[in-house]
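Hi everyone, thanks for making time. Let me bring the structure up on the screen, and then we can walk through a few spots together.

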Amino acid sequence: MKILSIQSAVAYGHVGNSAAVFPLQRIGVEVLPVYTVNFSNHTGYGAWRGPLIDPADVREVITGIEDRGVFGQIDAVLSGYQGGEGIGDVIIDAVARVKAANPDAVYACDPVMGNAKSGCFVAPAIPILLRERVVPVADIITPNQFELGFLTETEPDTLESTLASVDLARAMGPRTVLVTSVERPDREEGTIEMLAVDGDGAWLVQTPHLPMKANGSGDVTAALFTAHYVETGSAKTALERTASSVYDLLQATLDSGERELQLIEAQEFYAHPRMQFTARQVR
């Protein structure tokens, strides 16, 4: 499997491609990483150094890959946080060109906008760009529950309302939706859930809620789910594998006392997921 991953990169720590690439490689995926920023560290520290890469330069890198004649071999295009409006056009164009070379290729978009605790943290134009132009050309999207509400202009909270919001999102274009950080009012205390929905049904997986915030965990989740889904065609299997790997990654990070994801230390959990969580069909 080959995945073209157009995301940010950091030298220290793990977000964007610096979170997504290694877990994908560890499960046997050939990754073609294209960077949209090259920062010293993620912006959560409040200070960072390094350049935003001009969208024209990102396009040049993608065109150079196309020149090598490999677009026909790419199984999926993956994108995450979009720092500016210009990069959206580059990604949409890249998806169209990959799909022209391989009509079976899919586009997986993580529509990063914010979360329930910190609200929306991207430029005001980005949610509109995602809603109107990017999500409609995606095959898979991986919003958290807050972002799902933002995309569909709803307020999902219960399982029923979250499924209804997913239906609205799927009507926009994507056939597969993974909703992370699902927090139902009636869930068991101390748990958190993920919901995967495609044309075959809807599956919910529940894990213990770890008392931490880990930058980059959503990037790992989107990458692993995309790869497992493309490989197996099963939302349930992809959901269970992803939940297992990401939970153990987060547990290892929590145990370490470190702020950054323990991405390398947790590598066996990607290669050999323990499959300790079972997804139940809810539709």
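This is a predicted model: local features need pLDDT of at least 70, side-chain atom pairs count only at pLDDT 80 or more; totals for chains, interfaces and linings use all residues.

The buried residues of H5 pack against strand E5 (114-115), helix H4 (125-134), strand E7 (140-141), helix H6 (159-171) and strand E8 (176-182). Which residues of H5 are buried? They are Gln145, Glu147, Leu148, Gly149, Leu151 and Thr152. That makes six of the eight residues in the helix, so H5 is largely enclosed by the rest of the structure.

The N-terminal end is capped by asparagine 144, which places a side-chain oxygen 3.1 Å from the backbone nitrogen of phenylalanine 146. After the helix comes glutamate 153, and its phi is positive, near 55°.

Zooming out for a moment: the UniProt record, an unreviewed entry, places the feature "domain: Pyridoxamine kinase/Phosphomethylpyrimidine kinase" at residues 91-258. In this model that span is 48% helix and 20% strand, and its end C-alpha atoms lie 33 Å apart.

On to the aromatics. How many aromatic pairs does a search of the whole structure find? The search finds six, and I'd like to show you two of them.

One is tyrosine 12 with tyrosine 45: the ring centres are 6.3 Å apart and the planes meet at 50°, so we call this pair tilted. Tyrosine 12 sits in the loop between strand E1 (2-10) and helix H1 (17-26), while tyrosine 45 sits in the loop between strand E2 (30-39) and helix H2 (55-67), so to speak a link between distant parts of the chain, 33 residues apart. The other is phenylalanine 22 with tyrosine 270, an edge-to-face pair with 6.4 Å from centre to centre and 80° between the planes. This pair also links distant parts of the chain: phenylalanine 22 belongs to helix H1 and tyrosine 270 to helix H9 (residues 267-271), 248 residues apart.

Last stop, back at tyrosine 45. This residue counts as partly exposed, with 31% relative accessibility. Besides pairing with tyrosine 12, its ring has the charged end of arginine 259 sitting over it, 3.9 Å from the ring centre.

Key: Residues are numbered from 1 along each chain as its sequence is written. Side-chain values use heavy atoms; hydrogens and water are left out. UniProt positions are given in the numbering used here, feature names are shortened, and annotations may be inferred rather than shown by experiment. Helices (H or I, at least four residues) and strands (E, at least two) are DSSP runs, numbered from the N terminus. Buried means under 20% relative accessible area, exposed over 50%, partly exposed in between (1.4 Å probe, protein chains only). Contact means heavy atoms within 4.5 Å. A polar contact is a pair of N or O atoms within 3.5 Å; within protein, one must be able to donate a hydrogen and the other to accept it, and residues adjacent in sequence count only if both atoms are side-chain atoms. Rings of Phe, Tyr and Trp (its six-membered ring) pair if their centres lie within 6.5 Å; planes under 30 degrees apart count as stacked, over 60 as edge-to-face and the rest as tilted. A charge sits over a ring if NZ of Lys or CZ of Arg is within 6 Å of the ring centre and within 35 degrees of the ring normal.
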